[in-house]
Amino acid sequence: MKAIDGAAGSQTPIAHAAGAVHAGVSRKPSATITPALLTTEQAAAYLGLSEAKFHELRGEPWMCAPIPLGPRFVRWARTDLDDAIAAMPRKVSKPAEPAQLLRGRIERMKSTGNMQ
């Protein structure tokens, strides 16, 4: 490294005097870009699924369709995936009948002979 004379007569490296970037300091912006179009792998990860399960769900009526960008080049819109999540069917389970009520209903059916 070539050195130059500083104001006090000391020698300062040229790279440092020219304002070079110190080790570990980056000049790139720190913001990360979130893509609007996702690969199949990213779309599966976005939904928290394996790729195999993601491909299995592609046939469901509530699932969004991919965006074809070429004959074998597809992407998935993040907003479409959000809409698909909202449209997913939810399993609504009825709360279990308490054992005492169930036993009473069975006894009534036995006494009336109404066993359907």
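Are Phe54 and Trp76 buried or exposed? Both are buried, where buried means under 20% relative accessible area, exposed over 50%, and partly exposed in between (1.4 Å probe, protein chains only).

1. **Basis.** This is a predicted model, so local features need pLDDT of at least 70 and side-chain atom pairs count only at pLDDT 80 or more, while totals for chains, interfaces and linings use all residues. Residues are numbered from 1 along each chain as its sequence is written, and side-chain values use heavy atoms, with hydrogens and water left out.

2. **Confidence.** The pLDDT is the predictor's confidence in each residue, from 0 to 100. The protein chain averages 79, and 72% of the residues score at least 70. Over residues 15-19 the pLDDT is below 50. Beyond near neighbours in sequence, that stretch has 6 contacts in the model; contact means heavy atoms within 4.5 Å.

3. **Core.** The largest nonpolar core has 11 residues, including Leu38, Phe54, Leu57, Trp62 and Trp76. Such a core is a set of buried Ala, Val, Leu, Ile, Met, Phe, Trp, Tyr and Cys residues joined through side-chain atoms within 4.5 Å. Helix 2 (40-47), helix 3 (51-57) and helix 4 (78-87) each give two or more residues to this core. Helices (H or I, at least four residues) and strands (E, at least two) are DSSP runs, numbered from the N terminus. Leu57 touches Leu49, Trp62 and Met63, not counting residues up to four places away in sequence.

4. **Aromatic pair.** Rings of Phe, Tyr and Trp (its six-membered ring) pair if their centres lie within 6.5 Å; planes under 30 degrees apart count as stacked, over 60 as edge-to-face and the rest as tilted. The count is 1 aromatic pair. The ring centres of Phe54 and Trp76 are 4.8 Å apart and the planes stand at 80°, so the pair is edge-to-face. Phe54 lies in helix 3 and Trp76 in strand 5, 22 residues apart.

5. **Thr40.** Thr40 sits in helix 2. Thr40 counts as buried because its relative accessibility is 16%. Leaving aside neighbours within four places in sequence, Thr40 is in contact with Glu51, Phe54, His55, Val74 and Trp76.

6. **Strands.** Strand 4 (residues 67-70) and strand 5 (residues 73-77) run antiparallel, joined by 3 bridges. Two strands pair if DSSP finds at least two bridges between them. A hairpin of 2 residues connects strand 4 to strand 5. Gly70 stands opposite Phe73.

7. **Helix 5.** Helix 5 (residues 99-112) has 14 residues. Just after helix 5, Gly113 takes a positive phi of about 75°.

Key: Expected span 1.5 Å × (residues − 1).
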